[in-house]
Amino acid sequence: MQYYTTSAMAASSSPPDLSKTTKLERYNSYIRRVNSTKLLAASSKLLFRATLFAAVILLLFFTLNSPPLSADNNSGSHHGHIHTTSNFLSSAFYGSGAAWEKQVRHSSTPRRPNGLSVLVTGAAGFVGTHCSLALKKRGDGVLGLDNFNSYYDPSLKRARQSLLTKHQIFIVEGDLNDAELLKKLFDIVPFTHILHLAAQAGVRYAMKNPLSYVNSNIAGFVNLLEVAKNADPQPAIVWASSSSVYGLNTNVPFSEEHRTDQPASLYAATKKAGEEIAHTYNHIYGLSLTGLRFFTVYGPWGRPDMAYFFFTKDILQGKPINVYVTQDDKEVARDFTYIDDIVKGCVGALDTAEKSTGSGGKKRGPAQLRVYNLGNTSPVSVVKLVSILENLLGVKAKKNVIKMPRNGDVPYTHANVSLAYKDFGYKPTTDLSTGLRKFAKWYTSYYGIQSKVKESTNEKNDDS
């Protein structure tokens, strides 16, 4: 008994064995650290992904919805850098998806036997809209491309787009310099023709933003030709040059045989450069190319930067207009060409364009290379233009007669169109009074202006 008591006392007075408890606590602490590390890592990954996603969304929002960077909204056109729809990830957004490709194919598919499949660049522009409608009406496949820049009011371009949409013409919103987007379009559609009308227009604006002309009229054209040359089959190309290439030429009427190496403006120089570039791609790669030199095109859905358009606006608003005369006080005159006549010329050029002879960037034989004047053959002075508008609108214009500034404009244009007549029957039929009446009726209707445009006794209904 004594032994047991002594042993019990000895046992009770000895320190407890904590080794197992300590190990358990250390193990639990280790597990907590591991779990904390895992949780922290998972949280960091989640936070990183969420931040990256938010950044992409914000970047896209500001990219696609940012306003013009340097637009001067005090006048009829913008005088800062032109804002173009960014092509950031354009191929990813516009060039993917079954629904998008279905729209592209449907719009491009001809509805008549042996119909053309035409890519129309600048389709939301003045000439582009009218040509697209004419081609679609006769059963050709038409796909538009436009970047909707803000050189002039983009809302007018959007209205034209709505008009084209009603006629089942789809416009891809993108830029000529987006090579990936162009390649995607050619992957989807074997275009037979390109009607290249996209360009930076305007003689005077070139003094304010010269790089926009180089970017669009030269770089954009080259990019389009690069994609076209590698296409299989290569399309035939009809493209818009300009009467401005005649520059300081004084021989009238202007003929395709006259010299065009004295441009009076940067705009004219870029168009002349386009003609030389076309020659190069025709010679090296066998692309069929037809250049059309437009002479002062006017009519419904026209460009607000053109004189007849802003004259109409200012006359109706009671604002004074500047009527230019030459430095030696002679009248300034233009070969004003109505839009319907221009459309007939464009369609005629497309119909007579021969196939390109290259394949995959390699020339197989000589290819067609042409250039034509498309004008009205009847120059009219700007003073007479104003007089016609005054009569149509029933409003007397407040005129400031001033000398033409030295900004690249030429005092006189007059087209010889005999070559276009010989090759595809081009023959203008609309005189300035008739054309301006149709324009004025469209203008007052489009802008909701309560002004009665004088009718002509023999005027036919116009659906332009």
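## Packing of helices 5 and 6

In this predicted model, helix 5 (residues 126–137) and helix 6 (residues 154–166) pack at an angle of about 5 degrees, their axes lying 10 Å apart. Helix 5 is therefore roughly parallel to helix 6, a description applied to angles under 35 degrees, whereas those over 145 count as roughly antiparallel, 65 to 115 as roughly perpendicular and the rest as oblique. Axes are lines fitted to C-alpha atoms, for helices over the stretch in contact, and angles run from 0 to 180 degrees between N-to-C directions.

The contact (heavy atoms within 4.5 Å) involves Phe-126, Thr-129, Ser-132 and Leu-133 from helix 5, and Arg-160, Leu-163 and Leu-164 from helix 6. Helices (H or I, at least four residues) and strands (E, at least two) are DSSP runs, numbered from the N terminus.

## Basis of the model

Residue numbers start from 1 along each chain as its sequence is written, and side-chain values use heavy atoms, with hydrogens and water left out. The model being predicted, local features need pLDDT of at least 70 and side-chain atom pairs count only at pLDDT 80 or more, while totals for chains, interfaces and linings use all residues.

Seven strands, paired in parallel, make up an open sheet in the order 3-2-1-4-5-6-13. Strand 3 (170–173) and strand 13 (369–374) are the edge strands, each pairing on one side only. Pairing requires that DSSP find at least two bridges between two strands. From one strand to the next, the twist averages 20 degrees.

Helix 9 (residues 266–285) lies across strand 5, strand 6 (289–294) and strand 13, and runs at about 155 degrees to strand 5.

Buried denotes under 20% relative accessible area, exposed over 50%, and partly exposed in between (1.4 Å probe, protein chains only). On one side of strand 1 the buried residues are Ser-117, Leu-119 and Thr-121, and on the other Val-118 and Val-120.

Strand 1 pairs with strand 2 (residues 141–146) in the parallel sense over five bridges, and Ser-117 stands opposite Gly-141 in strand 2. The chain passes from strand 1 through helix 5 to strand 2 in a right-handed β-α-β crossover; with the strands pointing away from the viewer, the path from the first strand over the helix to the second runs clockwise. Strand 1 is also joined to strand 4 (residues 193–196), with which it runs parallel, by four bridges. Here Thr-121 has His-196 of strand 4 as its bridge partner.

## Strands 4 and 5

The residues of strand 4 point in two directions, His-193 and Leu-195 one way and Ile-194 and His-196 the other, and all are buried. Four bridges pair strand 4 with strand 5 (residues 236–242) in the parallel sense. Across this pairing, His-193 has Ala-236 as its bridge partner, and Leu-195 stands opposite Val-238. Together with helix 8 (residues 210–230), strands 4 and 5 form a right-handed β-α-β unit.
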